[in-house]
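Let's sit down together and learn how to read a few features from a structure. Bring your questions as we go.

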Amino acid sequence: MKASRTISLLVFFCCCVLLRAEDNSPLRLGIVGLSHSHLHEVSVRLDRGDFQIVGVAERDAALREKTPLRKKVDPSLFYENLEEMLDKSQPEAVIVYEPIYDHLRVVEACAPRGIHVMVEKPLAVSMKHANRMAELARKNGILLLTNYETTWYDTNHEAYRLIKDKESIGDITRMEVYDGHQGPVEIQCSEEFLRWLTDPVLNGGGAVTDFGCYGANLATWFFDNQKPVSVYAVLKQQKPHIYPKVDDDATIVLEYPSATVQIMGSWNWPMNRKDMHIYGSQGYIYQDTPVKMRVYTDRKENSVVAPRLKSPYNDPFYFLKAAVRKEIQISPQDLSSLENNLIVVEILESAVKSAERGKVIRLKK
């Protein structure tokens, strides 16, 4: 009896060791699409060992041949057909670098197969797409996450902590979120990326989609997934000779019961920027860079270097692996969450409608 119990304990111990080893193994990751410039985020992390690319799906043969990933990924792992890649490679999760319009297509393929999905921002081109994606994700029990560069900024999380935990500046009364650069043509984005980034159908809009989404994501986070009461937007074409089909400058005003948020996303800034000003009843926070910020309290402004975020909350690939392996739980309030990003899409869609109609769009609770 004693020997039998000892054997059982040994078997249990061995199983635990095997499971732990499996959990520490690289995440089996599929890449869908090669046209998005953010694909470089994969290339620069490939040698870390926390994930391995088991398959790449891209419909464009020329892109499959010239992608920098060819230097690091076995050519046999590249596929034209998405479904074939998923079935043969068996990834645990995929990251999507395709036009925003195609995010739905990817979720339609992945969800029934139980494969988790992380898309590049924003989640979808419309609420029709977003709602269908959410339905599929929930029905099939997969994660559907959205990746923003600003999610991994130390200063954004320190601002959140100071406001939510420390109440350093009192209640938020106003936010101003600035995002953008000189323009995708001006900063020499690839032809493949420009082809859909400047298409109103494939991207859902121009700067309003490309950079308006950051402010919508952050505002939704700071206001605990509360929808704004109303959305008003002005979309401009300051360079119609370069961007004839879409806006290149977007100003979006979100009205909350006790605060106003102004989102300024543009392809016309003279510099690259992703910064934010948050005003409260007792002070303000200027988030200037990913690591530096200014905090004004007690009639004094102090320069602050934000504490570094800890893994897995400092990197989209660490975060995805931890979420897929259930080492962390995704809260509806998280910046990457489905719940947050459904609200983001509703804000962006309302902004486009507001600009078209020249009036305020009121959101339903």
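Q: Which residues make the nonpolar surface patch of about 220 Å²?

A: Welcome! Keep in mind that this is a predicted model. Here Y232, V234 and V360 make up a nonpolar surface patch of about 220 Å².

Q: Where is Y232 found, and is Y232 buried or partly exposed?

A: To read this, remember that buried means under 20% relative accessible area and exposed means over 50%, with partly exposed in between. Y232 is found in strand 8, which spans residues 230-236. Its relative accessible area is 34%, so Y232 counts as partly exposed.

Q: How many residues of strand 12 are buried?

A: Five of the five residues of strand 12 (residues 283-287) are buried, so the rest of the structure largely encloses this strand.

Q: Which strands are joined to strand 12, and how do they run?

A: Take the two partners one by one. Strand 11 (residues 273-280) runs antiparallel to strand 12 and is joined to it by five bridges. In this pair I278 stands opposite I285, and a hairpin of two residues links strand 11 to strand 12. Strand 13 (residues 292-297) is also antiparallel to strand 12, again with five bridges. There, G283 stands opposite T297, and the hairpin between strand 12 and strand 13 has four residues between them.

Q: How should I read burial along a helix?

A: An α-helix has 3.6 residues a turn, so residues three or four places apart point the same way. In helix 5 (residues 103-110), six of the eight residues are buried, which makes the helix mostly covered. Those six are H103, L104, V106, V107, A109 and C110.

Q: What covers the buried residues of helix 5?

A: The cover includes strand 1 (27-32), strand 4 (93-96), strand 5 (116-120) and strand 6 (144-147), along with helix 4 (82-89) and helix 6 (127-140).

Q: How many residues of helix 10 are buried?

A: In helix 10 (residues 212-222), eleven of the eleven residues are buried. Among them are C213, Y214, N217, L218, W221 and F222.

Definitions and conventions
Residues numbered from 1 in each chain as written. Predicted model: local features only at pLDDT ≥ 70, side-chain atom pairs only at ≥ 80, totals over all residues. Heavy atoms only, no water. Buried < 20%, exposed > 50% of the residue type's maximum accessible area, 1.4 Å probe, protein only. Contact = heavy atoms within 4.5 Å. Patch = residues over 30% accessible without salt bridge, like charges linked within 9 Å, V, L, I, M, F, W, Y side chains within 5 Å. Areas by Shrake-Rupley, 256 points an atom, 1.4 Å probe, with all protein chains shown as cover. Salt bridge = Lys/Arg side-chain N within 4 Å of Asp/Glu carboxyl O. Pairing = 2+ DSSP bridges.
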